[in-house]
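Please consult the sequence and structure below alongside the text.

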Amino acid sequence: MKKVLVIIAALALSACSSLKTSSDYDPGVNFADVKTYAWVEKKTDKAAYHLDGLMDQRIRSAVNDQLQLKGLSLVGADKADVLVNYLTKVDKKINVDTFNSNYGYNPYYGAGWGRGMGMGHTQTTVREYEVGTLIVDLVDTKSGKLMWRGSVADTVRDKDTPEERVEVVNAAIGALLQSYPPQPEK
């Protein structure tokens, strides 16, 4: 479960970082009617403790803050217009860079065509890295259908302090929910 911590840490918003966000929604839904929400309830009876509990609290707090800024109220599941859930995943990526450095004299024409005194060096570097993705779903409580999904992804970077982790989560959720409620194109 440390992966969840690393995933969220990946979503750091820094000067050189660019969070990749996307969203999709059901165009048949009138999002102006969505006023209340509740969290999807876990299927286990052991709600007191789980391995990634601190990061779960951070994510839920950030989502609550952003949804409340958008005018939604947290209520019990029986009174909610939508249920909120989130998922995380990590994908391994490989980056291959090849650098060529050719220098010297190497004539292409004339006497001795194709011969010369040029020198060259090729260097290839392979770097493996992880991309973490956080997905937030809003599900219609009446129909049980997904009505909105947003995701945010970034390269995984470790953050050491709890304050940095909170900042990372808040920035990622803020970027993710920027597209909610969706604005239909006119």
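In which helix do Asp 56 and Arg 60 lie, and how many residues apart are they? Both belong to helix 2 (residues 53-69), at a separation of four residues, or about one turn of the helix. The model is a predicted one.

- The side chains of Asp 56 and Arg 60 form a salt bridge, with an N to O distance of 3.1 Å.
- Asp 56 is classed as buried because its relative accessibility is 8%, under the 20% limit.
- Arg 60 likewise counts as buried, since its relative accessible area is 17%.

**Salt bridge between Asp 91 and Lys 89**

- A salt bridge joins the side chains of Asp 91 and Lys 89 at 3.7 Å, N to O.
- Asp 91 is partly exposed, on account of a relative accessibility of 29%.
- Lys 89 is also partly exposed, with a relative accessible area of 41%.

- The side chains of Glu 128 and Lys 92 meet in a salt bridge at 3.9 Å, N to O.
- Because Glu 128 is located in strand 5 (residues 119-140) and Lys 92 in strand 4 (residues 82-103), this pair ties together parts that are 36 residues apart in sequence.
- Glu 128 is exposed, as its relative accessible area is 54%.
- For Lys 92, a relative accessible area of 54% gives the assignment of exposed, the cut-off being over 50%.

**Strand 2 and its pairing**

- From strand 2 (residues 36-39), Thr 36 and Ala 38 point one way, while Tyr 37 and Trp 39 point the other way.
- Strand 2 pairs with strand 3 (residues 73-74) in the parallel sense, over two bridges.
- Thr 36 has Ser 73 as its bridge partner in strand 3.

**Ala 153 in strand 6**

- Ala 153 is a residue of strand 6 (residues 146-155).
- With a relative accessibility of 15%, Ala 153 is counted as buried.
- Between Ala 153 and Val 131 the C-alpha to C-alpha distance is 6.6 Å, although the two are 22 residues apart in sequence.

Definitions and conventions: Residues are numbered from 1 along each chain as its sequence is written. This is a predicted model: local features need pLDDT of at least 70, side-chain atom pairs count only at pLDDT 80 or more; totals for chains, interfaces and linings use all residues. Side-chain values use heavy atoms; hydrogens and water are left out. Buried means under 20% relative accessible area, exposed over 50%, partly exposed in between (1.4 Å probe, protein chains only). Two strands pair if DSSP finds at least two bridges between them. A salt bridge is a side-chain nitrogen of Lys or Arg within 4 Å of a carboxyl oxygen of Asp or Glu.
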